[in-house]
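Please keep the sequence and the structure in view while reading.

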Amino acid sequence: MKKLRASVRSHKKPPATHKRREKCAVTSSQARPSGLDGLAKQKREELLQAPISPYHLFSDMADVTAFRRDLLSWQKKRPTWTGGPMLKWPTLQDLATASLEEVNQLWSGLGYYSRGRRLQEGARKVVEELGSHMPRTAETLQQLLPGVGRYTAGAIASIAFDQVTGVVDGNVLRVLCRVRAIGADPTSTLVSHHLWNLAQRLVDPARPGDFNQAAMELGATVCTPQRPLCSHCPVQSLCRAHQRVEREQLSALPGSPDIEECVLNTRQCQLCLPSTNPWDPTMGVTNFPRKASRRPPREEYSATCVVEQPGAIGGPLILLVQRPNSGLLAGLWEFPSVTLEPSEQHQHKALLQELQHWSGPLPATHLQHLGEVIHIFSHIKLTYQVYSLALGQTPASTAPPGARWLTWEEFRNAAVSTAMKKVFRMYEDHRRETCKGSKRSRVCTPSSRKKPSRGQQVLDHFFQRHSPTDKPNSTTQ
């Protein structure tokens, strides 16, 4: 501290003119980004306040009422879902005390594994920091819980707590873009802002949760991306996209009826189809929404190996190692793997070093290349070079920390990604083919224990269908 004070005293004060110049320079440099930010904010506000044609709105309250009525009436005829295996943790307290391993195991095959982890993180925060009191509004849910965005917050608040708030997910976005003929880029600030306003305008104040679920269900089952079932749509009479299709069909006939259009010039309207990408008659209602240009997934490469040792009663054992607790596929189990460059020439050496880290010295000559597996994550195209390695007849020793030996049956129930299941299927097929010509084929492959792999799963698999006509105690098969 004495040295610091002496150092401060040793500096002479700069002349007043220099000080003023320095102060002015700092002030102007600080003001510059602030001015740019203010200009951008002003431009954004002007954009959001630009006039919108009634063609893209629900200005008539009669139309709003009809939309709510028809959509909710349609929902009554749809089957609902009741709890199935997900009731393993019926309360927030149960989920908060579960291990990440258990969560990942139940989530296995669904993809987007960070969602399972965030679900548990949210439960723990509610129990440990919020006194087990769940936030009840979309605003506080988004503010207090990790990983909860605007859509998730709105869905929870409306469905669980009857808050009158709209939601916009991918399915609702598609429905809204079609019923109001919104053809501009749905990811733009203006269109996103308008869609959320539409959702808020339409949500039924008496049954907000039911309405939001019906809107999502409509987009998922009827108003689908490629082959929508317009004849089954409960809001077809209010759909601008369907009206446009009818107009195109009737335009060649004499005395065709007038159908409402956007009153603004296409070049002036920021919600219509862009003039650079106009209406395509062959696409029908799927002209809306137009897909925003997406970057192709980046390509990555990896080498992975299925290491097998003879086991006891459960049959051969395979080695799995756990991924780090952050990043892609955090906390899941996988076969030992190494990241490669696209033109990597020394796959064997790099992979062998990784394998020796987990199981000790190994003979490189026994490493067998089986082929490649390609798996596309949301933003990554990952190509695995798949190898296998059969160890000697000595039973497997205890695995080091971060690794485990599993039977084939245990692997099928473990917290592994769909990509690793693909790798295992390649290894399994290769092993079966190898054993076909062997006289000891019954010993080679525990085929009698094999269950068909279901690959990538959908969330519906974890619930049971419950028809409104079912008796309360009956269960559909």
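## The largest cavity

Helix H9 (residues 170-179) gives the largest share of the lining of the largest cavity, namely 3 residues. Helices here are DSSP runs of H or I with at least four residues, strands are runs of E with at least two, and both are numbered from the N terminus. The model is a predicted one, in which local features need pLDDT of at least 70 and side-chain atom pairs count only at pLDDT 80 or more, while totals for chains, interfaces and linings use all residues. Residues are numbered from 1 along each chain as its sequence is written, and side-chain values use heavy atoms, with hydrogens and water left out.

The lining of this largest cavity is made up of 15 residues, and Arg178, Cys223, Cys230, Cys233 and Cys239 are the ones that lie nearest its centre. Its residues divide into 12 nonpolar, 2 polar and 1 charged, where Ala, Val, Leu, Ile, Met, Phe, Trp, Tyr, Cys and Pro count as nonpolar, Asp, Glu, Lys and Arg as charged, and the others, Gly among them, as polar. The volume of the largest cavity is about 120 Å³, and the structure holds 3 cavities of 30 Å³ or more.

## How a cavity is found

Rolling a probe the size of a water molecule over the atoms shows where empty space is left. On a 1 Å grid over the protein atoms alone, a cavity is a set of points where a 1.4 Å probe fits but cannot get out, and lining residues have an atom within 4 Å of a point. Grid points are joined across faces, edges and corners, and a volume is the space filled by probe spheres set on the points.

## The second largest cavity

The second largest cavity holds about 80 Å³ of space, and its lining consists of Phe67, Val167, Val172, Val175, Leu176, Ala199, Leu202, Phe211, Asn212 and Ala215. Two or more of the lining residues come from each of H9, helix H10 (189-202) and helix H11 (208-221). Sorted by class, this lining has 9 nonpolar residues, 1 polar residue and no charged ones.

## Where H9 meets H10

The axes of H9 and H10 are 10 Å apart, and the two helices pack at an angle of about 90°; axes are lines fitted to C-alpha atoms, for helices over the stretch in contact, and angles run from 0 to 180 degrees between N-to-C directions. H9 and H10 are therefore roughly perpendicular to each other, a term used for angles of 65 to 115 degrees.

On the H9 side, Leu173, Leu176 and Cys177 meet Leu195, Leu198, Ala199 and Leu202 of H10, with contact meaning heavy atoms within 4.5 Å. The residues of this contact divide into 7 nonpolar, no polar and no charged.

## Two buried residues

Gly166 sits in the loop between helix H8 (150-161) and H9. At 3% relative accessibility, Gly166 counts as buried, which here means under 20% relative accessible area, whereas exposed means over 50% and partly exposed lies in between (1.4 Å probe, protein chains only). Apart from neighbours within four places in sequence, Gly166 is in contact with Trp196, Ala199, Gln200, Val203 and Asn212. The C-alpha atoms of Gly166 and Gly209 are separated by 9.0 Å, although these residues are 43 apart along the chain.

His242 belongs to helix H12 (residues 240-250) and is buried, with a relative accessible area of 15%. Not counting residues up to four places away in sequence, His242 touches Cys230, Gln236 and Val285. The buried residues in H12 are Arg240, Ala241, His242, Gln243, Val245 and Arg247, and what covers them includes H9.

## Backbone details

Most residues other than glycine have a negative phi, and most peptide bonds are trans. Ser132, in the loop between helix H6 (113-128) and helix H7 (138-144), has a positive phi near 65° and is partly exposed, with a relative accessible area of 33%. Leu329, in the loop between strand S3 (317-322) and strand S4 (333-334), has a positive phi near 55°, and Leu329 is buried at a relative accessible area of 8%.

A cis peptide bond, with omega about -10°, joins Phe288 and Pro289, and Pro289 lies in the loop between H12 and strand S2 (298-309).

How values were computed: 1 Å grid on protein atoms, 1.4 Å probe; cavity = no way out; pocket = protein on both sides within 12 Å on 5 of 7 lines; lining within 4 Å. Parallel < 35°, antiparallel > 145°, perpendicular 65-115°, else oblique.
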